[in-house]
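Q: I have a model open and want to go through a few spots in it. Can you take questions as I go?

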Amino acid sequence: MIRAGDIAIALAGVALIIALGANVYSESKLHTVHVAHAKHVEQFPAWQDQVVRVAGTLGETVIEIRDGRVRVVASPCVQKLCLRAGWLEFAGEATACVPNKVSVALLGADPRFDAINF
Amino acid sequence: MQNGRWLGRTLQVLVLALGVALLAACRSSDSQAERHSFFALGTLVEISVHSPPKDIAAILRETEALLLEEENRWRAFGQGELAHINRRLSAGHPVAFSEPLRDGIQRAGEISTRSGYRFNPAIGELVRLWGFHEEARAEVPPPDTGSIAALLPAPRLDALHLHDDGLWRSEDERLWLDMGAFAKGLAVDRAVSFLRERGVRNAIVNAGGDLKAIGRHGDRAWRVGVRNPRASGILAAIEMNDQESVFTSGDYERQFEWQGMRYHHILDPATGQPARGIVSVTVIHRDAALADAAATALFVAGPGAWRKIAGNLGVDKAMIVRDDGEIRMTENMQPRVTFENASVNAKVQALSP
């Protein structure tokens, strides 16, 4: 037989899940993509899928933002180290095209990591 | 009575849930670090500062200028103080070192000797032969064995001698100083010292993935993620102590492929070829310059000798990822790393084999 207490506990559990889910959502919403080029810093929301094109010293760097992640997909540099970095998934991760002087960073309010070592 | 008791319990549970939710929400209101990024030392430098002093903007501008000065000092090719000295030494001329250059080269020489010359900052000609001195390496094949053999045995810093006239001469015209595996650490050490002198108590200086921390991020330690050398994502997490640095050397950084074979930039001075057997080495040490050089030395030493060289260099916290995917680390490294994947096969080994 279901008692009032069981229902209360179930409701509390649902409330907790909703509250935590809302919190996680708000954290991912806080993530922003910082793109620095030619002394300018542009910011883009990480939850909004888009392709960003910026001009560097050698030419155009193309950056893809998708599902809260970001990566460099095209760059005029030769070694393509910025492309090889792949997706930046964690707040605090960054990559750069040094020859083209373009940097990309994923930032958040409370990043899991303050810096990435590689 | 019965209904009243259940109502009371319901309220208790709801209050508890609300409390937990509020606690979880507090995570996102944690105070943030200020970040400042710029290009220096041939890479992206990011400085994160927590609880900064009022004049932090000016301090960071000065730190940037300091690191650009270091870059210009230690650049081995093209324009710069060391590049100019290299050209003169190579042409058989005597040279005078500025004090920072002389001190740095002498320290690098000591580390080189203790590493059994696995870290060798005198092999700039080999680096040039492979094309790794350029940001944009041309699409050309690896050098032929004859060209490599002409640069072996590799020159060492021992070939530099101070003469009575106060000038330095090289007895080996193939000597070309390339401090690539040392100067970044030296520059990071200098930047951190400068920040501390100027009253910065909590910061991370991150130069292209190699970094040093000061203090803490508020009420917690600075958290660093070590990137997985063979897959996307993070291999392990490290919580930093005050004035500790983490340096990693990996074969995935500067590299090229030719006819299906991958060639990376960490050259073994004994063979003139990219070192094989290890894909990444991570070193924790208070001395960033030593951590920088040690990461290269252990990489070159390979799976058989890395512990011996770590012991010789006074490095007690090191982790290697072998080319078969196996992970090995020193006893003092183990408590410092938390692997992202619990099934990672990491074995602890004593420092001296």
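Q: How much space lies in the second largest pocket?
A: In this predicted model, the second largest pocket holds about 540 Å³ of space.

Q: Which residues are the closest to its centre?
A: A:Ala36, A:Val41, A:Ser103, B:Ser37 and B:Phe38, out of 22 residues that line the second largest pocket.

Q: Which strands supply at least two residues of that lining?
A: From chain A, strands E1 (32-37), E2 (40-45) and E7 (102-107) do, and from chain B, E1 and E2.

Q: Which one gives the most?
A: E1(B), with 5 residues of the lining.

Q: What does the lining look like by class?
A: The lining of the second largest pocket has 10 nonpolar, 7 polar and 5 charged residues.

Q: Back to E1 and E2 of chain B. How many bridges join them?
A: There are 7 bridges between E1(B), residues 34-40, and E2(B), residues 43-49, and the two strands run antiparallel. One of the facing pairs is B:Glu34 with B:Val49 in E2(B).

Q: What about the turn of that hairpin?
A: The hairpin leaves 2 residues between E1(B) and E2(B). B:Leu41, in the turn, has a positive phi of about 55°.

Q: Switching to B:Gln255. Where does it sit?
A: B:Gln255 belongs to strand E10 of chain B, residues 255-258.

Q: Buried or exposed?
A: B:Gln255 counts as buried because its relative accessible area is 10%, and the cut-off for buried is under 20%.

Q: Which residues is B:Gln255 in contact with, leaving aside its neighbours within four places in sequence?
A: In chain A, B:Gln255 touches A:Gln79 and A:Arg84. In chain B, the contacts of B:Gln255 are B:Phe132, B:Arg262, B:Tyr263 and B:His264.

Q: What does the side chain of B:Gln255 make a polar contact with?
A: The side chain of B:Arg262, at 2.9 Å. The B:Gln255 side chain also reaches the backbone oxygen of B:Tyr252, at 3.4 Å.

Q: And what separates the C-alpha atoms of B:Gln255 and B:Ala122?
A: 21 Å, for two residues 133 apart along the chain.

Q: Last topic, chain A. How many helices and strands?
A: Chain A has 2 helices and 8 strands. In order from the N terminus, its elements are α-β-β-β-β-β-α-β-β-β.

Q: What share of chain A is buried?
A: Of the 118 residues in chain A, 47% are buried.

Q: And what share of its contacts join residues at least 24 apart?
A: In chain A the figure is 28%, taken among contacts between residues at least 6 apart in sequence.

Key:
Residues are numbered from 1 along each chain as its sequence is written. Chains are lettered from A and ligands numbered from 1 in the order in which they are written. This is a predicted model: local features need pLDDT of at least 70, side-chain atom pairs count only at pLDDT 80 or more; totals for chains, interfaces and linings use all residues. Side-chain values use heavy atoms; hydrogens and water are left out. Two strands pair if DSSP finds at least two bridges between them. Helices (H or I, at least four residues) and strands (E, at least two) are DSSP runs, numbered from the N terminus. On a 1 Å grid over the protein atoms alone, a cavity is a set of points where a 1.4 Å probe fits but cannot get out, and a pocket is an open set with protein on both sides within 12 Å along at least five of seven lines; lining residues have an atom within 4 Å of a point. Grid points are joined across faces, edges and corners, and a volume is the space filled by probe spheres set on the points. Ala, Val, Leu, Ile, Met, Phe, Trp, Tyr, Cys and Pro count as nonpolar, Asp, Glu, Lys and Arg as charged, and the others, Gly among them, as polar. Buried means under 20% relative accessible area, exposed over 50%, partly exposed in between (1.4 Å probe, protein chains only). Contact means heavy atoms within 4.5 Å. A polar contact is a pair of N or O atoms within 3.5 Å; within protein, one must be able to donate a hydrogen and the other to accept it, and residues adjacent in sequence count only if both atoms are side-chain atoms.
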